[in-house]
Amino acid sequence: MTDQTHPAHSSFSSSPAAGEGSDDAVVSRRADVDPSDAAPKRVFVRTYGCQMNVYDSDRMAEVLGPQGYRTTDTMDDADLVILNTCHIREKAAEKVYSELGRIRKLKDERGPEGKPLMVGVAGCVAQAEGREIARRAPVVDMVFGPQSYHRLPDLIARAARGESVVETEFEIDEKFDALSRQAERPTVRRAPSAFLTVQEGCDKFCTFCVVPYTRGAEVSRPLAQILREAEQLAAGGVREITLLGQNVNAWHGEGADGRPWGLGRLLRRLAEIPGLDRLRYTTSHPRDMDDDLIAAHADLRELMPYLHLPVQSGSDRILAAMNRKHTRDDYFRLIERIREAAPGLALSGDFIVGFPGETDADFADTLDLVRRIEYAACFSFKYSQRPGTPGATMADQVPEDVKTARLIELQALLTEQQQAFNRSRIGMRMEVLFEKIGRMPGQITGKSPWLQPVQVEAPQDMIGSIQTVEIVGLGSNSLFGRLVAGHNDRAAASGAVSKEDAI
């Protein structure tokens with residue numbers, strides 16, 4: 001899964017696109033707690049990075065609910081603080097230590113007679129740094145990797161006894177089993193959109209990426225576990241599910257017949273669940289886009305016409321140095337097949353500029369690829385050396401000023417393409433899933449089939465519904481629309497408005 005920065009949002013709302021490595025943090029705001037508990041404990045979860053970390057933070061909150069915890073938006077009144085970290089971005093570990101310094105001051109201010117505060121560091125920095133975190137930051141009571149959070153009640157009990165807890169073992173099957181059991185708990189009301197992890201880990205070993213070392217090898221959840229969780233989400237009011245994985249289209253879980261299924265077949269089965277009107281998946285690798293998955297984009301009304309398919313560079317020489325195992329022509333041919341199957345589909349991607357050895361000619365190849373593909377949205381970054389990855393020790397590291405200049409030029413082109421795509425939506429009627437209150441009084445905010453925020457003047461009781469909207473204007477990052485009379489949620493849910501109509 002690749003690098004991304006996204007705006008802060010509550011962890012149970014959907015993020016605008018795929019990837020990993022945000023500098024921003026989001027605060028988890030869900031925990032199931034027994035209403036008979038008169039004085040629940042409070043947990044503050046700060047999440048850095050990708051949508052999978054957001055998913056993991058929500059699961060942490062749910063694991064802690066039966067232990068008497070409920071989430072809080074502020075660290076000041078917390079009994080437990082968890083930093084769910086990301087190791088993709090440059091200086092990720094240093095940012096964690098800086099935050100831990102602020103937490104130590106908070107703990108000191110409470111004093112020995114004040115409210116106790118337990119501190120945990122989770123996620124990929126925890127996985128990579130392990131006992132080094134415990135050594136450098138004595139304020140930390142627990143360090144646990146992304147495959148260990150389902151054991152949080154036990155970890156907290158051990159820390160409460162004075163033990164320095166460091167859990168960084170890869171036991172992903174055990175975690176998936178625990179998530180499956182968690183899904184069997186009584187239904188709780190949820191936001192209209194939700195994430196669902198179906199695959200973790202990576203076997204690709206791109207030379208710039210630390211994910212294989214922090215998340216482990218590719219592992220796919222069995223179909224039965226995924227269906228159980230998806231059905232529980234739908235029962236709680238979820239209308240849209242985004243399937244998550246470091247290489248989500250590499251999913252090959254055990255199917256209903258006991259044999260491995262592919263992602264296309266999984267999507268077809270999920271589309272049968274009553275109440276689930278929208279499906280998405282992220283992040284994909286070009287090598288794992290098979291014929292059945294491409295066909296699903298043509299066949300399934302529920303599968304949204306938006307695909308995040310990172311290429312990283314337009315230069316064959318740099319792609320080889322990155323160990324991407326595909327060429328620019330491979331990518332062009334794949335995009336041609338996808339667009340032939342689903343003409344209305346919009347593409348997003350990821351790009352890294354300034355990878356070691358990148359020349360002006362290599363960068364020109366990237367600009368050429370972008371112009372030929374015409375993206376609806378993209379994420380682009382300067383290469384940063386990640387300790388433990390092959391790229392970090394490669395010769396010919398590109399000077400920082402050169403990386404900066406190239407990034408500015410690339411982002412200008414990508415912004416131009418995104419604005420052109422957004423302008424092409426003006427006058428179009430589309431189905432919008434409304435998710436939350438808008439920024440302005442009387443507004444609610446929804447999401448277009450192409451993942452764009454849509455602002456509409458409408459009553460708040462439409463949140464959670466899918467309505468037909470005509471786009472009448474553009475903001476800097478949003479579309480503005482008006483409700484189309486006579487096109488209500490019942491029509492959308494019944495399939496009366498087809499994907500083709502929406503496009």
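**Note on a pocket and some ring contacts**

1. In this predicted model, α14 gives the most to the lining of the second largest pocket, contributing four residues. The pocket itself has a volume of about 280 Å³, and of the 14 residues that line the pocket, those closest to its centre are R339, E374, Y375, A376 and F421. The elements that give two or more residues to this lining are β14 (346-353) and α14 (400-423).

2. Sorted by class, the lining of the second largest pocket consists of eight nonpolar, two polar and four charged residues.

3. Turning to the rings, the structure holds four aromatic pairs. One of them joins F205 and Y213 in an edge-to-face arrangement, with 5.8 Å from centre to centre and 75 degrees between the planes. F205 counts as partly exposed because its relative accessibility is 39%, and Y213 counts as partly exposed because its relative accessibility is 39%.

4. Another aromatic pair is formed by F355 and Y383, which is edge-to-face, with 5.1 Å centre to centre and 70 degrees between the planes. This pair links distant parts of the chain, 28 residues apart, since F355 lies in the loop between β14 and α13 (360-373) and Y383 in the loop between β15 (377-382) and α14. Both F355 and Y383 are buried.

5. Where do the charged ends of R59 and R425 sit? The charged end of R59 sits over the ring of Y55, 4.5 Å from the ring's centre, while the charged end of R425 sits over the ring of W450, 4.6 Å from the centre of that ring.

Conventions
Residues are numbered from 1 along each chain as its sequence is written. This is a predicted model: local features need pLDDT of at least 70, side-chain atom pairs count only at pLDDT 80 or more; totals for chains, interfaces and linings use all residues. Side-chain values use heavy atoms; hydrogens and water are left out. On a 1 Å grid over the protein atoms alone, a cavity is a set of points where a 1.4 Å probe fits but cannot get out, and a pocket is an open set with protein on both sides within 12 Å along at least five of seven lines; lining residues have an atom within 4 Å of a point. Grid points are joined across faces, edges and corners, and a volume is the space filled by probe spheres set on the points. Ala, Val, Leu, Ile, Met, Phe, Trp, Tyr, Cys and Pro count as nonpolar, Asp, Glu, Lys and Arg as charged, and the others, Gly among them, as polar. Rings of Phe, Tyr and Trp (its six-membered ring) pair if their centres lie within 6.5 Å; planes under 30 degrees apart count as stacked, over 60 as edge-to-face and the rest as tilted. Buried means under 20% relative accessible area, exposed over 50%, partly exposed in between (1.4 Å probe, protein chains only). A charge sits over a ring if NZ of Lys or CZ of Arg is within 6 Å of the ring centre and within 35 degrees of the ring normal.
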